[in-house]
Structure formats: structure tokens, C-alpha cells
Amino acid sequence: MAKTVNKKMKLETATFGAGCFWCVEAVFLEVEGVHTVVSGYTGGTTVNPTYQAVCMGMTGHAEVAHIQFDSDVIPYEELLEVFWHTHDPTTLNRQGADVGTQYRSAIFYHTEAQQQIAEKSKAEMDASDVWDAPIVTEITPIDVFYPAEDYHQNYFQLNPNQPYCQFVIHPKMQKFTKDFKDKLKNG
């Protein structure tokens, strides 16, 4: 009889803003080593912000994905690789038709090590020929993270026929699964 080995996971947290949190959540939920993704808000001044207030640009918060991951399976550097290639980090406060500071490209680091890795990764991406314009992604410490309302969680999985999901998220997911086959769960 084979022994079952219980390997203790090395769970860490990453928080990324890359436009609408529905898109970011959908991508990172498919990455091997990611355990949970919670859509929410951070980077603003309003306590307990609502979706309506964030969407109106009144809170200073960004829509983000709060990602819990096993760093022995997927290092932070590789999460950043997915982050850089699944949105446009050169557009200030905009991703596609989503416009406003709540849709800014942002990395909210949890440790000094994450800050250093993110700064290095951003500099390398900026120096590469991947993007035609300078990267405008902000890199700032995480403050308070506020989970979004329940109906925003697992949005793409629960609402695949919703028009935004069909026309924005579905094509993004097709490109992601093609470009990152080696990082997919069950891939």
C-alpha cells in the first residue's frame, strides 16, 4: 500500500489590478498553483467601498484580484509574467473600453521581496520589445483589501453568457490558454 505524502504548501498572496477584476480573476483562477482568487478593491481612501462608488471613481480604489498561491508551484515571478501578458500595462487608467482610475494597472506588493521582484520585472518588461509604449503600472504597498460583493466572485465561471463575458473575457481567456499552456491547471 502506497503512503500518502502530505506536502505543506507555501502559500503567499499577490494582488494585481489590470482592468476589470472579472478578467483578472478569470485568468488567475486557471493558473496551476493558484488556490484562491478574490475580486475586490484596494489603493483608495474610502472605508468599505461599494462597487457603485468604485465605478464612479469616487474612492481612489482599483479593482483587483487578491490571489493566494503556492510559491513552490508557481513563483511570484511567474505570476508577474502572466500579469504583464494578459493586459496592456502601457495605458493609464484604462483597459479596452473600461476607463477610470479603478481600472489602472497596478501591483500591490505584500513584502519587500515582492516589491523588489516587481520593480525588476517591470524594468525588464519596459526594456523589452513586448510593448511599444512605456509601462505605466504602479507598484505600491498593499493597504487594506476589501472583497467585492458576492455577485462579483467567480463572475466569468458563473455568468459565461453575459455579454461582457462573451465579448471581453472569453477572447482574453482563449489567448491566455493558448499563450500559457504550461501554466494551466490540468494542462
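The questions and answers below walk through a predicted model of one protein chain.

Q: In what order do the helices and strands run from the N terminus on?
A: The protein chain holds six helices and eight strands. Read from the N terminus on, the elements run β-α-β-α-β-α-β-β-β-α-β-β-α-α.

Q: Why does the protein chain count as compact as a globular protein of its length?
A: The globule rule gives 16 Å for 187 residues. The radius of gyration of the protein chain is close to that, so the chain is as compact as a globular protein of that length. The value for the chain is 16 Å.

Q: What does the C-alpha trace span along its principal axes?
A: The span is given along the principal axes of the protein chain. For the C-alpha trace, it is about 60 × 40 × 35 Å.

Q: What share of the residues in the protein chain is buried?
A: A residue counts as buried when its relative accessible area is under 20%. The protein chain has 187 residues, and the buried share of them is 45%.

Q: What share of the accessible surface belongs to carbon and sulfur atoms?
A: The accessible surface of the protein chain comes to about 9,900 Å². Of this surface, the share of carbon and sulfur atoms is 54%.

Q: Among contacts with a separation of 6 or more, what share joins residues 24 or more positions apart?
A: Take the contacts in the protein chain with a separation of 6 or more. Residues 24 or more positions apart account for 77%.

Q: Why is helix H1 described as largely enclosed by the rest of the structure?
A: The buried residues of H1 are Phe21, Trp22, Cys23, Val24, Glu25, Ala26, Val27 and Phe28. H1 is largely enclosed by the rest of the structure because its buried residues number eight of eight.

Q: Which element gives the most residues to the lining of the largest cavity?
A: A search of the whole structure finds one cavity of 30 Å³ or more. About 50 Å³ of space lies in the largest cavity. Its lining includes Cys23, Val24, Val27 and Phe28, along with Ala18, Phe83, Thr86, His87 and Lys172. The element that gives the most, with four residues, is helix H1.

Q: Is Thr42 buried or exposed?
A: Thr42 is found in strand S2. Leaving aside neighbours within four places in sequence, Thr42 is in contact with residues including Thr15, His61, Arg104, Phe108 and Val144. Buried means under 20% relative accessible area. Thr42 has a relative accessible area of 0%, so Thr42 is buried.

Q: Where is Asn48 found, a residue with a positive phi although it is not a glycine?
A: Most residues other than glycine have a negative phi. Asn48 has a positive phi of about 50°. Asn48 is exposed, with a relative accessible area of 57%. Asn48 is found in the loop between strand S2 (34-42) and helix H2 (51-55).

Q: Which residues is Asn93 in contact with, leaving aside neighbours within four places in sequence?
A: Asn93 also has a positive phi, near 55°. Asn93 sits in the loop between helix H3 (76-85) and strand S4 (94-95). At 22% relative accessibility, Asn93 counts as partly exposed. The contacts of Asn93 are Asp98, Val99, Gly100, Thr101 and Arg104.

Q: Which residues does Met9 touch, not counting those up to four places away in sequence?
A: Met9 lies in the segment before strand S1 (11-18). Met9 is partly exposed, with a relative accessible area of 42%. Met9 and Ser71 are 62 residues apart in sequence, but 8.1 Å apart in space, C-alpha to C-alpha. The residues that Met9 touches are His35 and Asp70.

Q: How far apart in space are Asp72 and Lys8, C-alpha to C-alpha?
A: Asp72 lies in the loop between strand S3 (62-70) and H3. At 48% relative accessibility, Asp72 counts as partly exposed. Asp72 and Lys8 are 64 residues apart in sequence. In space, C-alpha to C-alpha, the separation is 10.0 Å.

Terms used:
Residues numbered from 1 in each chain as written. Predicted model: local features only at pLDDT ≥ 70, side-chain atom pairs only at ≥ 80, totals over all residues. Heavy atoms only, no water. 1 Å grid on protein atoms, 1.4 Å probe; cavity = no way out; pocket = protein on both sides within 12 Å on 5 of 7 lines; lining within 4 Å. Points joined across faces, edges and corners; volume = space filled by probe spheres on them. Helix = DSSP H or I, 4+ residues; strand = E, 2+ residues; numbered from the N terminus. Rg over C-alpha atoms; globule rule 2.2 N^0.38 Å. Buried < 20%, exposed > 50% of the residue type's maximum accessible area, 1.4 Å probe, protein only. Contact = heavy atoms within 4.5 Å. Areas by Shrake-Rupley, 256 points an atom, 1.4 Å probe, with all protein chains shown as cover.
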